[in-house]
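The sequence and the structure come first.

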Amino acid sequence: MGRKRKGNPVHGWVIVDKPAGIGSTPVVGKVRRYFNAQKAGHGGTLDPFASGVLPIALGEATKTMAHIVDGLKTYEFTVAWGTETDTLDIDGEVTATSPVRPTREEIEAALPGFIGTIEQIPPAFSAIKVDGQRAYDLARSGEQPELAPREVEVIDLDLIDMPDADHARFTMTCGKGTYVRAIGRDLAKKLGTVAHISLLRRTRVGPFRAENAVPLAEFDLDSGENTSFSLEALGENAHKAARQRHLLPLQAALDGIPAIALSEAEAMRLRNGQAVSLLRKLDLERVSGIGPGEIALATTADRALALVRFEKGALHPVRVFNL
């Protein structure tokens, strides 16, 4: 028999507005403690110096994290011209300087070259593994990890402001695996200078946006300031209700994925790891919006049941939710 997890079986998504100055892992820890949840994970790391949207999955919602990690992301960031650091951000040590400051016209002329499918060499300080070791561990030990170029997708990249000659502000929407720090490095190189990212804020991850994110202070049980969630003051039921207002349903991460309602008998087959055959004319009408090989969300009694793949006239379970 497996060891029982500590905490409560809490399931769903919490969208945190992470402040600068704290890593993603401690934020996950704060949220997990706040809900006393058995299991938690995040949908895409934010560096300590960065702020913005950090989606955190609790319980069975962790089974949907891939859909968030693979989703589009939007960033607002500031490039500081003339100084490059080893981490390519404000937290690093200076490694190069340049007197060159690009003009608005030069910057705007260079931007189209960074839109679409482009090749990008990840920063040395990144979590990519090289011969079994994290690149950032090698970089911290003084080694220069050899990182191969990777294809990434940049949907749009726009210059939104130039507050002074030393700084330029941008907004970018991109796909999985795109490093903002590498964009700053490569743009500076194309413009004949060096640079680092001095400010970075993520405003969107998949369907989750900054305007709907909850400030991290709401989940700080250690500071003593969040007295609004005192068990003694609220009572157990009110305390639970106060916390639930920050919890989104598991399926919030599956925006845009087709859904299909199943009967309880069909649901039982999926729970047992069996495929559900849908070959009758009426059945085919139920899956008319699901293409061959496509992932869909199976529901029963308006509850999320499983992620399924439709193949050869049947729904095959991919991830079954234990709700």
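In which sense do β1 and strand β14 pair, and over how many bridges? In this predicted model, β1 and β14 (residues 214–215) pair in the parallel sense over two bridges. Asp-17 stands opposite Pro-215 in β14. With strand β3 (residues 51–58), β1 pairs in the antiparallel sense over seven bridges, and here Trp-13 stands opposite Ala-57. β1 is mostly covered, with six of its seven residues buried.

**Strand pairs**

| Strands | Sense | Bridges | Opposite residues |
|---|---|---|---|
| β1 and β3 | antiparallel | seven | Trp-13 and Ala-57 |
| β1 and β14 | parallel | two | Asp-17 and Pro-215 |
| β17 and β18 | antiparallel | six | Ala-298 and Ala-306 |

**Aromatic pairs**

Five aromatic pairs are found in a search of the whole structure. In one of them, the ring centres of Trp-13 and Phe-208 are 5.6 Å apart and the planes stand at 45 degrees, so this pair is tilted. Trp-13 belongs to strand β1 (residues 12–18) and Phe-208 to strand β13 (residues 208–209), so the pair ties together parts 195 residues apart in sequence. Trp-13 is buried, with a relative accessible area of 0%; Phe-208, at 5% relative accessibility, also counts as buried.

The rings of Tyr-34 and Phe-35 form another pair, with centres 5.1 Å apart and planes at 75 degrees, so the arrangement is edge-to-face. Both Tyr-34 and Phe-35 are buried. Ring pairs join these two residues and Phe-219 into a cluster.

**The largest nonpolar core**

Which residues of the largest nonpolar core touch the most other members? Of its 28 residues, they are Phe-77, Trp-81, Leu-157, Phe-170 and Met-172. At least two residues of this core come from each of β4 (73–81), α3 (104–110), β10 (150–164), β11 (167–174), α5 and β12 (195–205).

Leaving aside residues up to four places away in sequence, the contacts of Phe-170 include Phe-77, Trp-81, Ile-107, Leu-157 and Leu-187.

Helix α5 (residues 180–190) is mostly covered, since eight of its 11 residues are buried. Among them are Val-180, Ile-183 and Leu-187, as well as Arg-181 and Arg-185. Gly-192 follows α5 and has a positive phi, near 75 degrees.

Thr-74 is found in strand β4. At 12% relative accessibility, Thr-74 counts as buried. With residues up to four places away in sequence not counted, Thr-74 touches Thr-171, Met-172, Thr-173, Arg-201, Arg-202, Thr-203 and Arg-204.

**The five-stranded sheet**

An open sheet of five strands runs in the order β15-β17-β18-β19-β16, with mixed pairing. β15 (259–261) and β16 (276–277) stand at the edges with a single partner strand each, so one side of each has no neighbour in the sheet. Helix α8 (residues 264–271) packs on this sheet and touches β16, β17, β18 and β19 (314–320). The direction of α8 makes about 75 degrees with that of β18. Within the sheet, β17 (residues 295–300) and β18 (residues 303–311) pair in the antiparallel sense over six bridges, and Ala-298 stands opposite Ala-306 in β18.

Conventions:
Residues are numbered from 1 along each chain as its sequence is written. This is a predicted model: local features need pLDDT of at least 70, side-chain atom pairs count only at pLDDT 80 or more; totals for chains, interfaces and linings use all residues. Side-chain values use heavy atoms; hydrogens and water are left out. Two strands pair if DSSP finds at least two bridges between them. Helices (H or I, at least four residues) and strands (E, at least two) are DSSP runs, numbered from the N terminus. Contact means heavy atoms within 4.5 Å. Axes are lines fitted to C-alpha atoms, for helices over the stretch in contact, and angles run from 0 to 180 degrees between N-to-C directions. Rings of Phe, Tyr and Trp (its six-membered ring) pair if their centres lie within 6.5 Å; planes under 30 degrees apart count as stacked, over 60 as edge-to-face and the rest as tilted. Buried means under 20% relative accessible area, exposed over 50%, partly exposed in between (1.4 Å probe, protein chains only). A nonpolar core is a set of buried Ala, Val, Leu, Ile, Met, Phe, Trp, Tyr and Cys residues joined through side-chain atoms within 4.5 Å.
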